[in-house]
Amino acid sequence: MTESPRGWGVTPSTGIPTIAFGNQKGGTGKTTATINSAAALASRDHDVLAIDMDPQADMTKGLGLGPGDDNDPSSPKNDLPNTLATDDANLLDVLVDNPRTDDTTLSEIMIHSDEYEHLNFDLVPSHKDMGLARDWMDDAGARLSLKVALEELVDDGYDYDFILIDCPPDLSVLTDAAFIAAQNVFLAAQTQATSRDALDDLWDQLESIEDNQQIEIAIVGLLANMYRDDGQSQKFLDAFDESYASLAPIFKLPMRVAIQRAWDNGCDIFEWEDANDQQVERDLFLEVAETMERAFDKTQVEV
Ligand SMILES: Nc1ncnc2c1ncn2[C@@H]1O[C@H](COP(=O)(O)OP(=O)(O)O)[C@@H](O)[C@H]1O
Ligand SMILES: [Mg+2]
């Protein structure tokens, strides 16, 4: 891991360190990294808000806030509401200038962890309506909508140590809104040659947002996911090192059964226990959490 100086993250207008997990490719580990980084920060006593900006709602479902598990009525997740198909106001109502739900705020749609034993951090869930974002969020103001919503949340008295945003696998208006609100990006990429091009495109997108919005965006880390001890992975890491190593620490996560099993059971890696040892995965995400503390010069909370 490359060491960076303390405090290289950008603190946005809310004053709360906010990090968007991005890569327009699907299946690179964005949602895995968001859930487990949030859980790691929470295990270090930080108050965390996670926001699911992906219409596919993998994080929302993965945390048990989708349809219940009919196969397992004893699942601890069954006490969690299904937020995906509710007729109540949802995240899209917060983000669009919709006269019907003009004043919907994040605080109204948020799920609070202190009400549910199973949740370790607060969550703004996704919703099936988020698929309509492209049609509704078509003006320049839409790109600022999440930033404005987070400013309102703080004005309402909410105070978090960290806000983590799970982005969709695209470079859509939702992803732009997440990058603008966060001003910090954690990249998740598979260590393959094709990943390099995707990251270059993402980099161009970030530069164009910086120019258009006149803001600074920091890279706070890269998850080199499904890392293998082979030439392909090493080639990716060398290329990445060359361009970005001075900017952000790199975390190598191999293919791990426990990551997949935890996911399949709707758990983060800190909750999940099976016969195998989960310490490798936990240590990695604790290291990610420590890096985030360092990036924003936050006092570390001893565990
Ligand atoms: N290191 C890993 N080892 C095993 N499975 C992984 C690993 N990283 C991600 N996965 C699995 O791969 C799938 C895609 O990951 P996900 O985090 O949803 O990617 P994205 O959000 O970028 O689309 C999920 O089923 C997840 O559990
Ligand atoms: Mg995802």
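**A helix crossing and a ligand shell**

Helix α7 passes α8 in a right-handed crossing, where right-handed means that the near helix is turned clockwise from the far one by less than a right angle; helices are DSSP runs (H or I, at least four residues) and strands likewise (E, at least two), numbered from the N terminus. This is a predicted model, in which local features need pLDDT of at least 70 and side-chain atom pairs count only at pLDDT 80 or more, while totals for chains, interfaces and linings use all residues. Residues are numbered from 1 along each chain as its sequence is written, ligands are numbered from 1 in the order in which they are written, and side-chain values use heavy atoms, with hydrogens and water left out.

Two packed helices are described by the angle between their axes and the distance between the axes. The axes of α7 (residues 173-182) and α8 (residues 193-213) come within 11 Å and cross at roughly 65 degrees, the axes being lines fitted to C-alpha atoms over the stretch in contact and the angles running from 0 to 180 degrees between N-to-C directions. On the α7 side Asp176, Phe179 and Ile180 meet Leu202, Gln205, Leu206, Ile209 and Gln213 of α8, contact meaning heavy atoms within 4.5 Å.

Turning to the ligand, 16 residues surround ligand 1, and the closest are Gly27, Lys30, Thr31, Thr32 and Arg256, a residue being near if one of its heavy atoms lies within 4 Å. A backbone N or O atom of Arg256 lies 2.9 Å from a nitrogen atom of ligand 1, and one of Pro254 lies 3.0 Å from a nitrogen atom of ligand 1.

How values were computed
Polar contact = N/O pair within 3.5 Å; in protein donor to acceptor, adjacent residues only side chain to side chain.
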